[in-house]
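I set aside some time to go through this structure and kept notes as I went. The entries follow in the order I looked things up.

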Amino acid sequence: MTATGRLSSSNPNLQNIPIRNKEGRRIRQAFIAPAGKVIVAADYSQIELRIMAHLSADAGLLDAFQRGDDIHRATAAEIFNTTAIGVTAEQRRRAKAINFGLIYGMSAFGLAKQLSVGRHEAQEYIDLYFSRYPGVLAYMDRMRESAKADGYVETLFGRRLYLPEINARNAQRRQYAERAAINAPMQGSAADIIKLAMLKTSAWLQTECPPGSAPIDVTMVMQVHDELVFEVSEERLAAAREGIRSCMSDAAKLAVPLVVDIGSGKNWDEAH
């Protein structure tokens, strides 16, 4: 049901169970592994920012990801003109808001509201960001113009995402479509990659745990955004983690590594 191609679910909506508040974590604790098994959650790390680095070919972003830097700390160091070690927790928080905000086409007004700062200060942050990562600004301009000319944008794998309002006379509708033109290739590519990872993991499971074998030690049970969730027998945990990580990190070849964070526990909350 999503325009970008992400999988969605309803009744219940498994995709939008919060992870950062107490109620959401309590709900996740209700997803319990069967006896003798554990829940394994494998999540792509900052995949949309990595796709942004790949699509924009911005030298600063590419270098940071290839070095394995904390991208929010690296961005904060660039924007606030300090060293990575000298970045404060507040500076990193602001850089994180900018990194993710720009992916979704956030304006200076939206960033100001999120950071509780003035609009002028928020615009300064955005201007500083683009001065340090000019490839990102060039990518955004390129995607807007391409969408206006073609009426659609494409994911890394050529799947088209149509934007019928991109040339609308109504400014609000047009601006929404322009933001989608920037974001849709990243969200859409992330959706493609997780599906490719599911296929690759499924093929690996067919080899490791063929149908009819007893017991089936690893079962893929759920996909949530950039995360795959499994039930794994306790004795197969180490091998399963390695196999899952390999399948997901090799699902696509980008200019930066696809990093996978994996956790495990008796319930879904513990697996994070």
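**Entry 1: enclosed space**

How much space lies in the largest cavity? I found about 30 Å³ there. The model is a predicted one. I searched the whole structure and got one cavity of 30 Å³ or more. Its lining consists of Gly5, Arg6, Leu7, Ala191, Ile194, Lys195, Gln223 and His225. Helix H9 supplies the largest share of this lining, with three residues. By class I noted three nonpolar, three polar and two charged residues.

**Entry 2: His225**

I went back to His225, one of the residues that line the cavity. His225 sits in the loop between strand E4 (218–224) and E5. Its phi is positive, about 55°, although His225 is not a glycine. Most residues other than glycine have a negative phi. Is His225 buried, partly exposed or exposed? I read a relative accessible area of 31% for His225, so I logged it as partly exposed.

**Entry 3: the largest pocket**

Next I turned to open space. The largest pocket has a volume of about 1,200 Å³. I listed 39 lining residues, of which Arg20, Asp43, Tyr44, Gln46 and Asp226 are the closest to the pocket centre. Which elements give two or more residues to the lining? They are strand E1 (37–44), helices H2 (47–56), H3 (59–67), H4 (71–79) and H5 (89–103), and strand E6 (260–265). The lining divides into 16 nonpolar, ten polar and 13 charged residues.

**Entry 4: H3 and H4**

I took up two of the helices from that lining, H3 and H4. In H3, I found Leu61, Leu62, Ala64 and Phe65 buried. Around the axis they cover an arc of only 165°, so they are on the same side of H3. Ala59 and Arg67 are exposed on the other side of H3. The buried residues of H3 pack against H2, H4, H7 and H8.

How many of the nine residues of H4 are buried? I counted seven, so H4 went down as mostly covered. The buried residues of H4 are Ile71, His72, Ala74, Thr75, Ala76, Ala77 and Ile79. Their cover includes H2, H3, H5 and H7.

**Entry 5: Asn81**

I followed the chain into the loop between H4 and H5, where Asn81 is placed. Asn81 is not a glycine, yet its phi is positive, about 55°. With a relative accessible area of 64%, Asn81 is exposed.

**Entry 6: H8**

I checked the length of helix H8 (residues 134–150). H8 has 17 residues and reaches 24 Å from its first C-alpha to its last, close to the 24 Å expected at 1.5 Å a residue. Which residues of H8 are buried? I noted Gly135, Val136, Tyr139, Met140, Met143 and Ala147. Seen down the axis of H8, these fall within an arc of 140°, so they line one face of the helix. An α-helix has 3.6 residues a turn, so residues three or four places apart point the same way. The face of H8 turned away from the buried side carries the exposed residues Glu145 and Ala149. Cover for the buried residues of H8 includes H2, H3, H5, helix H7 (119–132), strand E2 (152–154) and helix H9 (171–208). Gly151 follows H8 and has a positive phi, near 85°.

**Entry 7: Gln114**

I located Gln114 in helix H6 (residues 108–115). Gln114 is partly exposed, at 44% relative accessible area. What does Gln114 contact, leaving aside its neighbours within four places in sequence? I listed Arg93, Ala97 and Met106. Gln114 and Ile98 are 16 residues apart along the chain, and their C-alpha atoms are separated by 9.7 Å.

Arg236 is in the loop between strand E5 (227–233) and helix H10 (237–249). I read 18% relative accessible area there, so Arg236 counts as buried. From Arg236 to Pro18 is 218 residues in sequence and 29 Å in space, C-alpha to C-alpha.

Last, I looked at peptide bonds. Most peptide bonds are trans. A cis bond joins Asn11 and Pro12, with omega about 5°. I placed Pro12 in the segment before helix H1 (22–28).

Note on methods. Residues are numbered from 1 along each chain as its sequence is written. This is a predicted model: local features need pLDDT of at least 70, side-chain atom pairs count only at pLDDT 80 or more; totals for chains, interfaces and linings use all residues. Side-chain values use heavy atoms; hydrogens and water are left out. On a 1 Å grid over the protein atoms alone, a cavity is a set of points where a 1.4 Å probe fits but cannot get out, and a pocket is an open set with protein on both sides within 12 Å along at least five of seven lines; lining residues have an atom within 4 Å of a point. Grid points are joined across faces, edges and corners, and a volume is the space filled by probe spheres set on the points. Helices (H or I, at least four residues) and strands (E, at least two) are DSSP runs, numbered from the N terminus. Ala, Val, Leu, Ile, Met, Phe, Trp, Tyr, Cys and Pro count as nonpolar, Asp, Glu, Lys and Arg as charged, and the others, Gly among them, as polar. The expected span of a helix is 1.5 Å times one less than its number of residues. Buried means under 20% relative accessible area, exposed over 50%, partly exposed in between (1.4 Å probe, protein chains only). The arc is that of the directions from the helix axis to the C-beta atoms. Contact means heavy atoms within 4.5 Å.
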